[in-house]
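User: I would like to go through the ligand site in this model. Could we begin with its location?

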Amino acid sequence: MKLFQTEHRRALRAFYGEGHAAFSTLLESLAGTLEAEVAPSSARFDADSGGISSARRRLFEAGLCRMPFDSHGGLSLPFGVYSLAMELVGAADAPTAMSLGIHNTVADGVFRYGSESQKKEVFEDLVSGKRLASFSLTEPSSGSDARAMSTTATKTGSSYRITGTKTFITNAGEADVYFVVARSEKGHSAFLVDGSAPGLSVGADIPKLGMRGSRTAEVRMDGCSVPAENLVGEDGRAFEYVKSMLSGSRIVMGSICVGIALAAYRKALHYATERKLFEKKLSDMQMTRERVADMRAGINSSRSMCLYASRIKETGEDYGSEAAQAKIIATETASRVCDQAIQLFGGYGYTNADVHRHWRDARLLTIGEGASEVLRLIVASMELGGAA
Ligand SMILES: Cc1cc2nc3c(=O)[nH]c(=O)nc-3n(C[C@H](O)[C@H](O)[C@H](O)COP(=O)(O)OP(=O)(O)OC[C@H]3O[C@@H](n4cnc5c(N)ncnc54)[C@H](O)[C@@H]3O)c2cc1C
């Protein structure tokens, strides 16, 4: 199935006016790569933790990770174009999209807060795909309440010693660079920790409901020595950086969910036109038509919200609330649309992994990168004041 369709061209025209044609050509070409080299393997990736590495490599070569950055090898594309690109990747294979989305969250952090030498030595390697990154914030006893973390970074001369355990870390074991947040004397600080640093070890793969092609594991640091120049930005300011990095990432995770929903929707639509019951096509039944209309409206409103949040980000204004809204709407819609797709397929939806994997993949994203409850608190605090 063609991943880039008229609906994408129309969305680009609606949000980018005259500039849309060049963006359409670019995304159509990316979609061609995804159709040829990623989507055909997505069922296999669903059964193979870490199986996405060749797909990820191909997308690095296609320049996906360079898109939203405007120097050091970036392609200077609007964030909304990058978010639509991530929608296409999500439609082709969600674990590949998530792995690269999180990788690029780290690239964004290094780009905006890193030193000039980190930009040259690390950022350029990240966007070219020479090195893979992992974002290490969550701990066994602190997820949504990330500030309650126990990992510590103690300064000793010209280095820091980091001790603690991070869990549920995407790309763990494959990453060359870990963006680690730890408690320091001045508050919380962020570090770039080399994957081969002495004292860093990675646990076994954590089995998951969905997103199985990407790897998830614990990252343990036992007195891991990190040179002081690997501190990102200023000591004590990590949460300020992480908050801003996660806002962009939330638009991306929302866009990935639009892609997941679209993939399930298109399969369901096709099935509904083929399946016959009570001497009718499933697609001719009134309740099916109502279901299809709701699925389509949900997908379009999710995409519009992701593009709207992207456009605000592009202006330089604060977009944290819109990013949170986009993620709430897109992730919750994707779970609903994928559930409706299973219902349309009947028993075949429940038993065919190629249908139910979309629901399993989408299910993560109302939890990770800001659970829906946390995001609602962010939106409410913008509307009503008070703490998020
Ligand atoms: C497959 C996978 C990949 C992941 N990848 C990464 C990664 O790469 N890097 C990383 O750092 N982390 C990663 N995570 C961790 C993810 O970000 C956390 O799971 C998430 O932040 C939630 O934390 P928690 O699981 O500890 O749940 P908790 O924070 O303990 O939440 C428990 C429940 O409370 C709800 N809740 C939260 N706040 C409130 C509130 N104010 N009121 C009421 N209820 C609330 C939550 O939604 C949830 O239902 C990943 C997780 C998974 C499963």
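Analyst: The ligand sits in the largest pocket. Please note that this is a predicted model.

User: Which elements give two or more residues to the shell around the ligand?

Analyst: Those elements are strand S3 (159-170) and helix H13 (372-384).

User: And from which domains does the shell draw at least three residues each?

Analyst: Domain 2 (133-236) and domain 3 (239-384) each supply at least three residues to the shell.

User: How many residues surround the ligand, and which are the closest?

Analyst: The ligand is surrounded by 19 residues, and the closest are Phe-135, Thr-138, Ser-144, Phe-168 and Glu-373.

User: How do the shell residues divide into nonpolar, polar and charged?

Analyst: The shell holds 10 nonpolar, 6 polar and 3 charged residues.

User: Turning to polar atoms, what lies 2.8 Å from a nitrogen atom of the ligand?

Analyst: That is a polar side-chain atom of Thr-170. For the side chain of Glu-373, an N or O atom is 2.5 Å from an oxygen atom of the ligand.

User: What share of the ligand's accessible area does the protein cover?

Analyst: On its own the ligand has 980 Å² of accessible area, and the protein covers 64% of that.

Terms used:
Residues numbered from 1 in each chain as written. Predicted model: local features only at pLDDT ≥ 70, side-chain atom pairs only at ≥ 80, totals over all residues. Heavy atoms only, no water. Near = heavy atom within 4 Å. Polar contact = N/O pair within 3.5 Å; in protein donor to acceptor, adjacent residues only side chain to side chain. Areas by Shrake-Rupley, 256 points an atom, 1.4 Å probe, with all protein chains shown as cover. 1 Å grid on protein atoms, 1.4 Å probe; cavity = no way out; pocket = protein on both sides within 12 Å on 5 of 7 lines; lining within 4 Å. Sits in = over half its atoms within 2 Å of the grid points. Helix = DSSP H or I, 4+ residues; strand = E, 2+ residues; numbered from the N terminus. Nonpolar A, V, L, I, M, F, W, Y, C, P; charged D, E, K, R; others polar. Domains from an automatic or database assignment.
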